[in-house]
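Okay, thanks everyone, I'll keep this short. Have a look at the structure on the screen and then I'll talk you through the salt bridges.

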Amino acid sequence: MTGENPQTKHSRDAVAASASAPGTEDAPVAATASEKADAALSAAGAKTEQAAEAARERARAAGAAGKRVEAKARTGVDAGRRKVSEVSEKAVASAGTAWGTVREHKVAVTSAGAGLLTVATASFLAGRKSGVRAVGPLTRLTGGKL
């Protein structure tokens with residue numbers, strides 16, 4: 001089938017050469033098809049560039065969003081550290097205050113106990129003296145027989 005075309009009696013090479021040769025009757029049709037193909041390729045290239053640019057913009061936006069999330073996370077972690085530090089400082093201060101109160105409480109309780117013991121001893125001795133009747137010197141000399 002590589003021979004001559006039975007309708008036109010031309011070989012395939014001759015048909016292809018006449019279609020691409022300038023000045024032939026089919027040249028405007030070939031030029032129009034070529035221009036359409038070029039326009040389609042150009043439009044496809046432009047759309048591809050637009051899609052690539054849109055993808056780059058989305059990637060930049062995602063990167064910016066990631067950076068914002070990272071910054072907020074760092075801020076949250078720093079705030080948490082500060083809060084833990086403040087709480088531990090307050091706990092240490094409260095423990096120091098409580099220990100000082102307990103130590104002074106021991107001193108206060110000991111002092112109050114000593115005072116109470118002194119008062120009780122004085123009362124006891126005063127009561128013993130008040131319970132004894134007054135006797136004269138002769139009664140004391142005789143041991144209470146006179």
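I'll start with the overall fold and then go through the charged pairs.

So, first thing, this is a predicted model. The protein chain has three helices and zero strands, and along the sequence that reads α-α-α. Now, how much of the chain is buried? Buried residues come to 1% of the 146 residues. The accessible surface is about 12,600 Å², and 64% of that belongs to carbon and sulfur atoms.

On to the salt bridges: the structure holds five of them. Let's take R56 and E53, whose side chains meet at 2.8 Å, N to O. Both sit in helix α2, which covers residues 27–131, and they're three residues apart, so about one turn of the helix. R56 is partly exposed at 39% relative accessible area, and E53 is partly exposed too, at 34%.

Moving along, E70 pairs with R74, with the closest N and O atoms 2.8 Å apart. Those two are four residues apart in helix α2, about one helical turn. E70 is partly exposed at 40%, while R74 counts as exposed at 54%.

Then there's R81 with D78, where the closest N and O atoms are 3.4 Å apart. They're three residues apart in helix α2, again about one helical turn. R81 is exposed, at 57% relative accessible area, and D78 is partly exposed at 35%.

Terms used:
Residues are numbered from 1 along each chain as its sequence is written. This is a predicted model: local features need pLDDT of at least 70, side-chain atom pairs count only at pLDDT 80 or more; totals for chains, interfaces and linings use all residues. Side-chain values use heavy atoms; hydrogens and water are left out. Buried means under 20% relative accessible area, exposed over 50%, partly exposed in between (1.4 Å probe, protein chains only). Accessible areas come from the Shrake-Rupley method with a 1.4 Å probe; for residues, only the protein chains shown count as cover. A salt bridge is a side-chain nitrogen of Lys or Arg within 4 Å of a carboxyl oxygen of Asp or Glu.
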